[in-house]
Amino acid sequence: MRVEEAPNPLAEGLHDYRVADPAVMVIFGATGDLSGRKLLPALYNLAKQRSLPAGFAVVGAAKDELTEQAFRKHASDKIRQFSRTQPIDDRVLAAFLDSVSYIKVDFSRLEDFKALGARLQELDNTRLIPGNRIFYCATPPPTYELISVQIQAAGLSTSTGFRRIVIEKPFGLDLKSARGLTETLHKVFSEDSVYRIDHYLGKETVQNILAFRFANAIFEPVWNTNLIDSVQITVAEDIGIETRGAYYDRTGALRDIVQNHALQLVTLVAMEPPLAFEATAVRDEKVKVLRAIRPLIGEDIEQSTVRGQYTQGWVLGEQVPGYREEPNVATDSQTETFAALRLFIDNWRWAGVPFYIRAGKRLPKRITEIRIQFKRPPHLTFGREAMKEVDPNALTLRIQPEEGISLKFGAKVPSAGLRIRSVTMDFQYMTSFLVEAPEAYERLLLDCVIGDPTLFTRADEVEAAWMFIDPIEESWRNGRPPLGVYPAGTWGPPAAAQLLQGDGREWHRP
Amino acid sequence: MSAVVTPDVTPEWHGDDVSIRDVLDALSQIRERFDRTEAGDDEHPHPRSCVMTLIGVVASASHEQLAVRTSRAISAQHPAQSIVIREDAPVRGGHLEAWIATEVQRPAEACATECEIITLHVRGAAAEHLDALVDPLLVSGVPTYLWWMGTPPFDKRDLLEALRICDGLVVDSAQFERPYHTFRGLSALLNVAHHRLGLADLQWARLKPWRETIAQFFTPRDRRSFLGGIAEVGVDYEGDGRGNRIAAALITGWMATALGWNLKRAAAGPGGVVVAHYEAGGRSIEVAFRSVRKEHLAAGELSAVRIAGAARGTTFRLSVQHDPERMRSTPEPSYRSLHTTGGEDDAGIELAERRAEWHRDVLHENLDSLHHTATGDAPGESRPRASTVFRFDRRRQDSTTVLLTMIEVGEGAPLRHVQQLEGEDVPSLLLDLLSTGTHDEVYNRSLASAAELVEKF
């Protein structure tokens, strides 16, 4: 192995130590909300953890007319306001801000991108950066194409080091637009240089699903159709659409949550063990799951999906308006704020096991959990009477809040006779690791700088998810099944409960 | 003078002249009470979390307080049972006096967790059998770490016996009172301890930012070849004498083992400079150790590391140094005024310590007669307090600071970089070590290499 490709022997044994080559991160939309709330504070915290190498630089690029000094002030204010770690360390912040600069870029002006190129060249020379570039699009999705075209036209895609582009979800609004976006990006960046961020995958507890499954020997043998009856995934929010009315009314729960977050959870629960926790291996296994999901077509959609919209109701003790009364929402909107569906994964491991997904807004509580429902014992050794209060075993992976895992099982009630009741054995993250977890963006930004795309979504993943979602979306737009309503603060329209009742099951109340 | 120190948290339970069985009974009652209270109307008690048992062995009141404070800090992040054992403590009544304090954490989104801090003051033969003393108290199924504050007696069987029940031993080689000798004892422990035992050193943890910063310089692919071109290393440290070169030896041992350098010779030069010569692949690497007076640093601390060389026709130079603006915040150690050392090197410290021990022994031999003369009490009516040897505190408590890095590659302008050092307070360092376990092959290799180098000093 050439010396350049060998691991750095001095890095051995440095736990959690991951550091990249010096690079410049260009943040398009640097004066926007995402940059201020998430990106700049995450970069500051990475600097504080000594994860950014000497020479690393950030260039803010936006259409605002700002001086370098004004942008640094803006960055400083946002970091102070939104940093996960407080109080702010002034010397670290000052050193970080030294590496931050600003340039006005109008995305439609090639000259601005050429000026950006000159700035990057200057930084390469002064900060010993070997031409490594990361272009972060903290901008609305319609700008991605223009930005990538301008990057190429200005010659920014041909530097000597690596070049990566980071984009935020949604990755298209359907299969066609997702493919169009991928094709556009691929004209400038190879697939392994495109980092599609779904911040959900940066959450520690989501990553822990893989640790739970593949770092323990006792769960995998029962993790299949032989012992599992069904899987329920709940992604519930108690909030409404807040200020996102215009966006949400065009999108809906299916595309906003199910297409990405919920299907990502399905893949993590259902995937086969990857050879290693490594980008290609992990993403290959996830794609296999998505491709194995039985498509819902025609009448399947009416029988296996439920859509609903919240009306006025009470959440957390407060009266809240209905969806159509929210700002920037059409008064006759047909957009769903609740989606439930039943899907099957047609492979050896999961044949016949239904996966029930529900996601929505203005539900009674904010909770994301995965519940693995096991089959009943094959024989009632203790008789029907003794077992009447016993539920089947269930394993619940709670993603948020109260992150943890609980196992439900039967135990004998202390008494002279023999009665069995269900009890739970709980594990809570917060009582075992009372350590504040890093922000999802810290993890994902560092992964991107280092060049580890394991937790980013690959093009074929995106397309496979849209292939499943598109027919449902089309059917829903045609009014099949009809839009149900549910009072805010309830668990969706009645049809959601009926979806499981028809199978002899019921939703777990989280 | 030492006094009976009550732990600085209000104890839930306290007993004079007790047995370990009494302590266990008290623990059971405390746990049951907590479970009932927290369960409230719930049918089942909430789960009990515990990720480790931490045993702190201390020899002085100040260390005891530090151990209890550290236990509390650790329980705020890793639910643990802590046992603080003070040997040869002034004990009222029999041989064992015990306190149990609890630390309750109430995370916002999880049920409360109770961690116990058990303080044992032991006197007499029981103190020589630590394993028998604490074994019944250990939490089953979680690792047990023995944190020996001060200078561990590596030459005594008691320590090895105590280590039998432990998964890891934590020491601070920066706190050793006879660093040169004790450090060699620490290195020798690698050969005699049971194979499951992990060895952790708070001084090694303090070097982590230095190691990261140095490793970071060589991480870019275009600089990886520099590793094979290192020709000179300079290590500056605070303090005189070989005992203050432990951190310098560790960082050098780390580089030597990682990069395959073999020690050829080491020799003292003029002006207190010690030079070691290593060889790798036919190349010679010179490492110069230099004592540089830095008022803001404690004895033995690194003040700078410089690495220079050339590869593929390009020269490079890396300089990492402690922020020189850091200010001293702790007073001078008090024992120096009592026992003149004649110098701050190892020999001087050893001499001072011997004098101090002699002073204590003389006092101790005549303690009863002096006490009765002073108080007028009949023999046995009251007990004199034990005397204390003032010890040299090798580490200062001030900590938060930054590393300044200067990089020069080829003819380019130097690049300056600032990185934060986290708090070097004991709880933070201990947490960092224990959260990743105490088995660290890199440390073991570096320790062995450093010990080889120290021998040549």
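User: What counts as a salt bridge, and how many does the rule find across the interface of chain A and chain B?

Analyst: A salt bridge is a side-chain nitrogen of Lys or Arg within 4 Å of a carboxyl oxygen of Asp or Glu, and across the interface of chain A and chain B the rule finds two. This is a predicted model, in which local features need pLDDT of at least 70 and side-chain atom pairs count only at pLDDT 80 or more, while totals for chains, interfaces and linings use all residues. Residues are numbered from 1 along each chain as its sequence is written, chains are lettered from A in the order in which they are written, and side-chain values use heavy atoms, with hydrogens and water left out.

User: How is the size of an interface given?

Analyst: It is often given as the accessible area lost when the parts come together. Here buried area, taken with a 1.4 Å probe and summed over both parts, is about 4,500 Å² between chain A and chain B, 55% of it on carbon and sulfur atoms. Of the area that chain A buries against chain B, L10(A), R50(A) and R91(A) supply 19%, more than any other three residues. Counted by contact, meaning heavy atoms within 4.5 Å, 46 residues of chain A meet 53 residues of chain B.

Methods
Buried area is the accessible area (1.4 Å probe) that two parts lose on being put together, summed over both.
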